[in-house]
Amino acid sequence: MGGTEHLTVTRRGATLVLTMNRPEAKNALSLPLLVGLHDGWLEADEDDTVRSIVLTGAGGDFCAGMDLKALAGKGMAGEQYRDRLKADPDLHWKAMLRHHRPRKPVIAAVEGYCVAGGTEILQGTDIRVAAESATFGLFEVRRGLFPIGGSTVRLPRQIPRTHALEMLLTGRPYTAAEAAGIGLVGHVVPDGTALDKALEIAEQINACGPLAVEAVKASVYETAELAETDGLASELARGWPVFDTADAKEGARAFAEKRPPVYRRA
């Protein structure tokens, strides 16, 4: 498995766990961290034994946004990662899920700070779990900056516009309870248990047919901005082929035989 000094990659069964690992900087985004995230998403896409992804942070925080000093890069390691960025100028946007959508479901497990770029990455995930004391927010306007990680486009599509605009225009922090109240996260759990809850959800996904799961995720995003008629047509195009798979037949057979299905991505 891949990873960098700032991104740890581990396996929990069929789940790939990406852990942002700069606890001394509240997991603020550095070049090694961005490169690690980019490569982690690709690893999950290319490995058919991976059925879900969990994104979390080490040391009690999720991500406090960009670390401008670290992004400048220093020494040979900095050169190495800058070379990766030069080779693919879009790499950082793919890492932050602005210009890349993994085909496997991505579950965020949030403890502590999830602000600025952390809240922007969060919007690229599919299912979100937050600890009770987690903090969210897009602080950019307070610093005279623009949340260019996709928030002015995505946030009003994911939560009610009035709440999106308040978050974007005030730059104030939000508690986990507030984030759940406006629909930014789906679960609020006791501190220290966000990863456990995310892995529990991942296991439920892993027990399902992987081809069906990936097709359902793709359909949700493909049809999000379509008129209903066009969206329903797109859904049929995505959905019907799933019924012809061996996994679909295995699901029905396992139900009839009262046993867990054994899916083979076929």
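Biologist: Which ground rules apply here?
Modeller: It's a predicted model, with local features needing pLDDT of at least 70 and side-chain atom pairs counting only at pLDDT 80 or more, while totals for chains, interfaces and linings use all residues. Residues are numbered from 1 along each chain as its sequence is written, and side-chain values use heavy atoms, leaving out hydrogens and water.

Biologist: Okay, in what order do the six strands of the open sheet sit?
Modeller: They go β1-β2-β3-β4-β6-β9, with mixed pairing. Strands here are DSSP runs of E, at least two residues, and helices are runs of H or I, at least four, numbered from the N terminus. Two strands pair if DSSP finds at least two bridges between them.

Biologist: Why is one side of β1 and β9 left without a neighbour?
Modeller: β1 (7-12) and β9 (187-189) stand at the edges with a single partner strand each, so one side of each has no neighbour in the sheet.

Biologist: And how do β3 and β4 run?
Modeller: Parallel, with three bridges joining β3 (residues 52-57) to β4 (residues 106-110). Val 54 has Ile 107 in β4 as its bridge partner.

Biologist: What about the three-strand sheet?
Modeller: That open sheet has the order β5-β7-β8, again mixed. β5 (113-115) and β8 (174-175) are its edge strands, each pairing on one side only. Two bridges join β7 (residues 135-137) to β8, and these run antiparallel. Thr 135 has Thr 175 in β8 as its bridge partner.

Biologist: New topic: is Val 216 buried or exposed?
Modeller: Exposed, because its relative accessibility is 53%, and exposed means over 50%, buried under 20%, partly exposed in between (1.4 Å probe, protein chains only). Val 216 lies in helix α10 (residues 210-222).
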